[in-house]
Amino acid sequence: MTTSVNNNTTITIKNPADGTIVGTTNYYGADTALEAVERARAKQPEWAATAVKERKKIMLRYHDLVLKHQKELLDIIQDENGKNRRAAFEEVLDNALTARHYAYRAEKLLSPDRAKVALPIATKTQVQHAPVGVVGIIAPWNYPLVLAISDAIPAIMVGNTVVLKPDSSTPLTSLRAAELLAEAGLPKDVLTVVPGSGREVGQALVNSVDYLMFTGSSDTGAKLASQAGERLIGFSGELGGKNPLIVTSDADVDKVVSGVRHACFSNTGQLCISIERIYVHRDVADKFIPAFVRCVEKMRIGPGHDWDIDMGSLISSDQADTVASFVEDAVSKGATVATGGKRLPDLGENFYAPTVLLNVPENARLHREEVFGPVVYIEVVDSHEEAIRRANDTEYGLNASVWGKPATAREIASQLEAGTVNINEGYAAGWSSIGAPMGGWKRSGVGRRHGDDGLLKFTEARTVAEQRIVPIAGPDGLAPEKWANLLTMALKYGRDVLR
Ligand code: NAD
């Protein structure tokens with residue numbers, strides 16, 4: 001692991017790319033987490049009473065501060081995670097975009113909506129959107145800014161208070177972002193970051209908050225969803241993936257290979273929406289496979305803040321072991337290594353080469369299981385129908401990608417079982433479509449982030465219905481049968497008129 005915990009409850013973060021110490025921070029237990037939730041609960045009514053316009057100003061100031069402190073944030077993200085600079089930049093971009101989007105969008109989404117009623121004019125109904133209370137966020141290590149703070153932003157904009165548990169490998173990013181939010185004017189106790197273990201701090205949140213937002217593995221997500229179910233609190237889980245990419249028969253191979261490479265190896269493959277399976281149409285396979293392998297072999301890999309590095313290290317030696325064991329298992333069962341398939345000890349103990357596998361047999365673990373590392377396999381298919389069938393033959397459904405002529409790709413995209421489908425992009429077009437919902441089908445998740453769903457999930461709806469002129473049960477003095485006849489006529493009339 002890149003972190004070490006001592007008995008005095010501090011945690012030391014090491015850079016997984018070069019082993020240097022990045023920083024130290026407190027490491028808390030369940031009691032501290034519960035105290036944070038209590039303080040958040042006490043603060044929440046006051047924060048909810050703050051005008052949305054005021055919250056918007058704070059969020060736009062935060063947006064500016066993120067951009068102003070971009071270099072510092074990039075350094076922290078890279079140093080505690082080991083990722084390359086461009087992957088870190090995607091986080092800063094997302095964070096600023098999310099702050100801007102919900103700063104402007106919240107006012108409209110939180111305004112009461114008028115609703116259809118049975119007796120127009122007589123009943124006036126509006127739907128109000130109230131905050132749920134205290135939102136708990138449990139985040140993973142792979143995108144420490146996006147999957148922690150970008151998810152807190154819509155929750156905060158609604159008027160909730162938030163207690164956030166970052167992953168123990170990467171707490172420094174969210175701690176620094178929380179300082180920037182405070183500098184932007186966010187009052188104390190609206191967002192509290194509590195580094196600690198899943199067993200202690202994570203479980204304390206699961207058992208005390210009013211809504212749980214979780215990003216991480218499908219197995220942990222399923223456990224937490226059932227705990228949230230026991231408590232009857234809202235839950236959203238952004239979980240694992242085994243994302244497919246299809247290269248169509250009409251793809252211009254030379255033009256697509258570098259984009260496909262980015263789709264597979266961005267963030268060292270430790271990206272829930274990155275590609276682990278490629279289905280290439282036989283018409284272009286002979287050209288695509290060698291061109292793709294050549295492109296992968298040109299990647300610049302290493303530690304450091306240089307913008308030109310294409311891929312950094314894995315998060316830990318455990319993760320490097322996991323990746324190596326997936327590849328060894330596949331090779332022992334007959335897979336062929338087209339490139340990679342080995343550690344890169346000269347660069348550091350947590351580096352693993354970008355790996356392309358061919359002829360992966362169905363009984364290899366990585367055929368279906370998520371590796372979460374820089375490993376992709378290619379299968380040749382005889383038709384687009386076969387590509388779609390194979391792409392959908394998975395327990396996951398997070399992201400998918402199609403490369404080819406737009407009309408062909410669109411036809412395929414509409415048949416894929418995934419929360420996002422990117423055409424001539426790996427994942428970034430879907431992810432950065434901040435106004436569109438993002439999340440997983442099947443075992444890839446419950447609920448959505450981004451779009452209106454990504455804010456409204458942190459609300460409770462309150463329907464306020466006001467009756468005027470005549471009661472629903474009919475006016476006093478009118479025979480019930482006459483009233484029933486009148487309502488029946490109204491229904492008949494309303495069928496085509498009151499749509
Ligand atoms: P993980 O499930 O092991 O841990 C995620 C977080 O949950 C960590 O903060 C951890 O401390 C906490 N946690 C673990 N067990 C807990 C428990 N019993 N109670 C409370 N908290 C607990 O996942 P990971 O290995 O850190 O992340 C990798 C996984 O996350 C991959 O499967 C990846 O696909 C997925 N992921 C999904 C998305 C998405 O948006 N869909 C994004 C990033 C990562």
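So, strand E10, residues 234–238: 4 of its 5 residues are buried, so the rest of the structure largely encloses it. Buried here means under 20% relative accessible area, exposed means over 50%, and partly exposed is in between, with a 1.4 Å probe and protein chains only. Helices (H or I, at least four residues) and strands (E, at least two) are DSSP runs, numbered from the N terminus.

Before I go on, this is a predicted model, and local features need pLDDT of at least 70, side-chain atom pairs count only at pLDDT 80 or more, while totals for chains, interfaces and linings use all residues. Residues are numbered from 1 along each chain as its sequence is written, and side-chain values use heavy atoms, with hydrogens and water left out.

Okay, back to E10. Which strand does E9 join through 5 bridges? That's E10, and E9 (residues 211–215) runs parallel to it. If you want a residue pair to click on, take Leu212, whose bridge partner in E10 is Phe235. For pairing, DSSP has to find at least two bridges between two strands.

Both strands belong to an open sheet of 6 strands, in the order E8-E7-E6-E9-E10-E20, and the pairing is mixed. At the edges you have E8 (191–193) and E20 (445–446), each of them pairing on one side only. Elsewhere in that sheet, E6 (residues 134–138) and E7 (residues 161–165) pair in the parallel sense over 5 bridges. Val134 stands opposite Thr161 in E7.

There's another open sheet, this one of 3 strands in the order E4-E5-E21, with antiparallel pairing. E4 and E21 are the edges, and each has a single partner strand, so one side of each has no neighbour in the sheet. E4 and E5 pair antiparallel over 2 bridges. Arg114 stands opposite Gln126 in E5.

Ile121, in the loop between E4 (113–114) and E5 (123–131), has a positive phi of about 75° although it isn't a glycine. Ile121 is exposed, too, at 62% relative accessible area. Then there's Ile469, in the loop between E21 (459–467) and helix H16 (480–497). Phi there is near 65°, again positive in a residue other than glycine. Buried or exposed, then, for Ile469? Exposed, with a relative accessible area of 75%.

Now salt bridges. The cut-off is a side-chain nitrogen of Lys or Arg within 4 Å of a carboxyl oxygen of Asp or Glu. How many does a search of the whole structure find? It's 31.

Let me start with Asp210 and Arg41, where the closest N and O atoms are 2.8 Å apart. This pair links distant parts of the chain, 169 residues apart: Asp210 is in the loop between helix H7 (198–206) and E9, and Arg41 is in helix H1. Asp210 is partly exposed at 23% relative accessibility, and Arg41 is partly exposed at 36%.

Next, Lys83 and Glu91, with their closest N and O atoms 2.6 Å apart. Both Lys83 and Glu91 are buried.

The side chains of Lys242 and Glu276 also meet in a salt bridge, 2.8 Å from N to O. Lys242 is in the loop between E10 and E11 (243–247), and Glu276 is in E12 (residues 275–281), so the pair ties together parts that are 34 residues apart in sequence. Lys242 and Glu276 are buried as well. And there's a network: Arg86, Arg261, Arg300 and Asp310 are joined by salt bridges that share partners.

Last topic, the surface patches. Patch residues have over 30% relative accessible area and no salt bridge, with like charges joined within 9 Å and nonpolar side chains (Val, Leu, Ile, Met, Phe, Trp, Tyr) within 5 Å. Areas come from Shrake-Rupley with a 1.4 Å probe, and for residues only the protein chains shown count as cover. Lys and Arg count as positive, Asp and Glu as negative, and His and the chain ends aren't counted. Each charge is placed at NZ of Lys, CZ of Arg, CG of Asp or CD of Glu.

The negative patch gathers Asp31, Glu35, Glu38 and Glu200. Helix H1 (residues 30–49) gives the largest share, 3 residues. Glu38 sits in H1 and is exposed, at 58% relative accessible area.

The nonpolar patch is Leu478, Leu486 and Met489, with about 270 Å² of accessible area together. Leu486 lies in H16, and at 43% relative accessibility Leu486 counts as partly exposed.
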